[in-house]
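Here are my notes for you on this structure, as numbered points. Have the sequence and the 3D view open as you read.

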Amino acid sequence: MALPVLLLLLFITIPFSESKLSMEYYKKTCPDLESIVRDTVTSKQMANPTTAAGTLRLFFHDCMVEGCDASILISSNHINIAERDADINQSLSGDALEVVALAKTALELTCPGIVSCSDILALATRNLVTMVGGPFYNVRLGRKDGKVSQASRVEANLIRSNRTMEDIINYFAVKGFTIGEMVALSGGHTIGFSHCKEFADRIFNYNRTTPTDPEMYPNFAEGLKKTCTNYQTNTAMSAFNDVITPGKFDNMYYLNLKRGLGLLSSDHALVKDPRTRPFVDLYAADQAAFFKAFAHAMEKLAHQGVKTGRKGEVRHRCDAFNFIQS
């Protein structure tokens, strides 16, 4: 497929679902918003370098379930099991949750009751991606925080890494994303790590005759086996998604896929499927093309199911709905 055609297909997208968001939404009501969020996330990332990857994942898990409404931040209580306690969300980053809470606290001191947690999460994600070398993209503001957060709604709205590429493509299509956008969003795996249980089948139980996926680079597979030896008893065991430049947002993820260094089954499938391989090749060869595609896909993701006006609220605390706070 010719490069111009690839780029054309990438940017034929469904229009953003919400036009009420604005770059200047808080210009008069909270003019220091950008600087407060920037200072907060900078301090947190410097103290805990995995914050960027954790926040990016948190944002994706939020937007894909109830829309970008900070429903992922709600804590469970005696009458409700919230999203963050769903099985697939058990490994979400504590640092990511904390950085949003810290920014919210700082903003409540400056402009109380004005800035939503969902806008804070969207801004923090963009700033952290940029801080570790990724592309800058616009974040339009004006989201309200959702009033529903239920663990029972999560499983049907998030795709697991062991699903087929057919399932993954269909999942993203239902959410309004093209194949090119899906491959670009997968590039978020250029930072962060995955727990051993997410890829154990590839190194220990690939099939009855071959315990290890033969398409995984042998030395890489052996290293993962050593790292994950006790993963069933020590569930915190993990490995970097990008073994070459794990803390830098770049296009190394795609280069790794072509070398047999993809960690998750879904990562490796991108380089095998003829529908996704052209985009892997494009982003591996051209980091600028990847950054442009990723920025576009993130702007689109940030508009998933947003609530405005009376459809949501501005929470006083990010981990609890206003109407049930004492």
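1. Start with the largest pocket: 41 residues line it, and R57, F60, H61, H189 and L264 are the ones nearest its centre. (On a 1 Å grid over the protein atoms alone, a pocket is an open set of points with protein on both sides within 12 Å along at least five of seven lines, and lining residues have an atom within 4 Å of a point.) Its volume is about 980 Å³, meaning the space filled by probe spheres set on the points.

2. Which elements give two or more residues to that lining? They are α3 (51–63), α6, α7, β1 (193–195), α11 (265–272) and α13 (287–301). The largest share, 6 residues, comes from α3. Helices here are DSSP runs (H or I) of at least four residues and strands are E runs of at least two, numbered from the N terminus. By class, the lining has 20 nonpolar, 15 polar and 6 charged residues. (Ala, Val, Leu, Ile, Met, Phe, Trp, Tyr, Cys and Pro count as nonpolar, Asp, Glu, Lys and Arg as charged, and the others, Gly among them, as polar.)

3. A word on the source. This is a predicted model, where local features need pLDDT of at least 70 and side-chain atom pairs count only at pLDDT 80 or more, while totals for chains, interfaces and linings use all residues. Residues are numbered from 1 along each chain as its sequence is written, and side-chain values use heavy atoms, with hydrogens and water left out.

4. Now see how α3 packs on helix α4 (residues 94–110): the angle is about 85° and the axes are 7 Å apart. So α3 is roughly perpendicular to α4 (that label covers 65 to 115 degrees). T51, G54, T55 and L58 of α3 meet D95, A96, L97 and V99 of α4, where contact means heavy atoms within 4.5 Å. This contact has 4 nonpolar, 3 polar and 1 charged residues.

5. Helices α6 (residues 165–174) and α7 (residues 179–186) cross at roughly 105°, with axes that come within 9 Å. That makes α6 roughly perpendicular to α7. M165, I168, I169 and F172 of α6 meet I179, M182 and L185 of α7. What classes do you find in this contact? It has 7 nonpolar, no polar and no charged residues.

How values were computed:
Axes are lines fitted to C-alpha atoms, for helices over the stretch in contact, and angles run from 0 to 180 degrees between N-to-C directions. Angles under 35 degrees count as roughly parallel, over 145 as roughly antiparallel, 65 to 115 as roughly perpendicular and the rest as oblique. On a 1 Å grid over the protein atoms alone, a cavity is a set of points where a 1.4 Å probe fits but cannot get out, and a pocket is an open set with protein on both sides within 12 Å along at least five of seven lines; lining residues have an atom within 4 Å of a point.
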